[in-house]
Amino acid sequence: MDLHTHTIYSDGIGSVIDNVNMAEIRGLRLLGISDHIHFFTPSKFLKYVNEVRSIGREAEIPVLVGIEANITENGPDVTEDFAKHLDYVIASVHDWFGEGEVYRYIERIKLALMDENVTIIGHFGNVFPWIGYPTEEQIKEVLDVAEEYGKAFEISSRYRVPDLEFVKMCIKRGIKLVFASDAHRPEDVGRVDWSIKVFEKAGGKKEDLLFSEMI
Ligand SMILES: [Zn+2]
Ligand SMILES: [Zn+2]
């Protein structure tokens, strides 16, 4: 599976059909399209949902409609009006923090984990090398909230996060995982080798994946 791909609806360079074709060529069993939310007006959003659904009906594999929301200071910028049309919502932090401000990042992740419109946390920890690494206690808090609210994490092959230990802890607690290329070009769709490698190394089984019933 690859649940994190972008198209020309946001900052990707391929069309929805390009991504679907590549997913089929690569032998994926599940594809998700997840364009950035801030590129959408309400009418463009409905066009997007309809296009992905109609192409999905013709495809050889299941194609899900998602979106990538931003986790702002006030929480994820996805509304129920958008979420109700979608199969899933990825929420990611895209703002920059200073060195030593990892606590601000962790607070935002917790806001997203508690948000009813969010399904998956995107590229968790990709900025840790710059803002500092969380403490064990902070990681435990994140996992506690994720477990309580039933949220999933993506394993991002683009950013190579989260690390093996984190993935192991998710599996132990029954927190679901997904594979993510974060492709912005059709040729990168399905490039989730790193995600699969870490998942298998952590002892992950099919049932540890979100949407495992579809694959
Ligand atoms: Zn992102
Ligand atoms: Zn992305």
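Me: Which element gives the largest share of the lining of the largest pocket?
Reply: Helix α6 does, with five residues. Keep in mind that this is a predicted model.

Me: What other elements give two or more residues to that lining?
Reply: The elements that do so are α5 (128-131), α6 (136-149) and α7 (164-173).

Me: How many residues line the largest pocket, and which lie nearest its centre?
Reply: The lining has 20 residues. Nearest the centre are F128, P134, I139, D163 and F166.

Me: How much space lies in it?
Reply: About 400 Å³.

Me: And how do the lining residues divide into nonpolar, polar and charged?
Reply: Eleven are nonpolar, three polar and six charged.

Me: Now the second largest pocket. How much space is there?
Reply: About 270 Å³. Its lining has 14 residues. M1, R29, F179, I196 and I215 lie nearest the centre.

Me: Which element leads that lining, and what is the make-up?
Reply: The largest share, three residues, comes from α8. By class, the second largest pocket has eight nonpolar, two polar and four charged lining residues.

Me: On to the metals. What coordinates the zinc ion (ligand 2)?
Reply: H4 and H6 coordinate it, each through NE2. E68 (OE) and D182 (OD) complete the list. The distances run from 2.1 to 2.3 Å.

Me: Why is the arrangement around the zinc ion (ligand 2) irregular?
Reply: Because the four donor atoms subtend angles of 82 to 170°. Four donors count as tetrahedral if all angles lie between 85 and 135 degrees.

Me: What is the donor spacing along the chain for the zinc ion (ligand 2)?
Reply: H-x1-H-x61-E-x113-D. The pair H4 and D182 links distant parts of the chain, 178 residues apart. H4 sits in the segment before α1 (16-25). D182 is in the loop between β7 (177-180) and α8 (193-201).

Me: Are those two, H4 and D182, buried or exposed?
Reply: Both H4 and D182 are buried.

Me: And the other zinc ion, ligand 1: which protein donors does it have?
Reply: E68 (OE), H94 (NE2) and H123 (NE2), lying 2.2 Å from the zinc ion (ligand 1). Their spacing in sequence is E-x25-H-x28-H. E68 belongs to strand β2 (residues 63-72), and H94 to the loop between β4 (88-92) and α4, so this pair ties together parts that are 26 residues apart in sequence.

Me: How far apart are the zinc ion (ligand 1) and the zinc ion (ligand 2), and which residue coordinates both?
Reply: They are 3.6 Å apart. E68 coordinates both.

Me: Is E68 buried or exposed?
Reply: E68 is buried, at a relative accessible area of 1%. H94, on the other hand, is partly exposed, with a value of 36%.

Me: What about H123? Buried or exposed?
Reply: H123 is buried, with a relative accessible area of 2%. This zinc donor is found in the loop between β5 (120-121) and α5.

Me: What is the phi of H123?
Reply: Positive, about 25°, although H123 is not a glycine.

Me: Which other residue has a positive phi although it is not a glycine?
Reply: F211 has one, at about 65°. It is found in the segment after α8. F211 is buried too, with a relative accessible area of 14%.

Me: Staying on backbone: where is there a cis peptide bond?
Reply: From V161 to P162, with omega near -10°. P162 is in the loop between β6 (152-156) and α7.

Me: Last one, K110. Where is its place?
Reply: In helix α4, residues 102-113.

Me: Buried or exposed?
Reply: K110 is buried. Its relative accessible area is 13%, and under 20% counts as buried.

Me: What does K110 touch, leaving out residues up to four places away in sequence?
Reply: E141 and V145.

Technical notes
Residues numbered from 1 in each chain as written. Chains lettered and ligands numbered in written order. Predicted model: local features only at pLDDT ≥ 70, side-chain atom pairs only at ≥ 80, totals over all residues. Heavy atoms only, no water. Donors = N, O, S within 2.8 Å, 3.2 Å for Na, K, Ca; no water. Tetrahedral: all angles 85-135°; square planar, octahedral: opposite > 155°, others 65-115°. Helix = DSSP H or I, 4+ residues; strand = E, 2+ residues; numbered from the N terminus. Buried < 20%, exposed > 50% of the residue type's maximum accessible area, 1.4 Å probe, protein only. Contact = heavy atoms within 4.5 Å. 1 Å grid on protein atoms, 1.4 Å probe; cavity = no way out; pocket = protein on both sides within 12 Å on 5 of 7 lines; lining within 4 Å. Points joined across faces, edges and corners; volume = space filled by probe spheres on them. Nonpolar A, V, L, I, M, F, W, Y, C, P; charged D, E, K, R; others polar.
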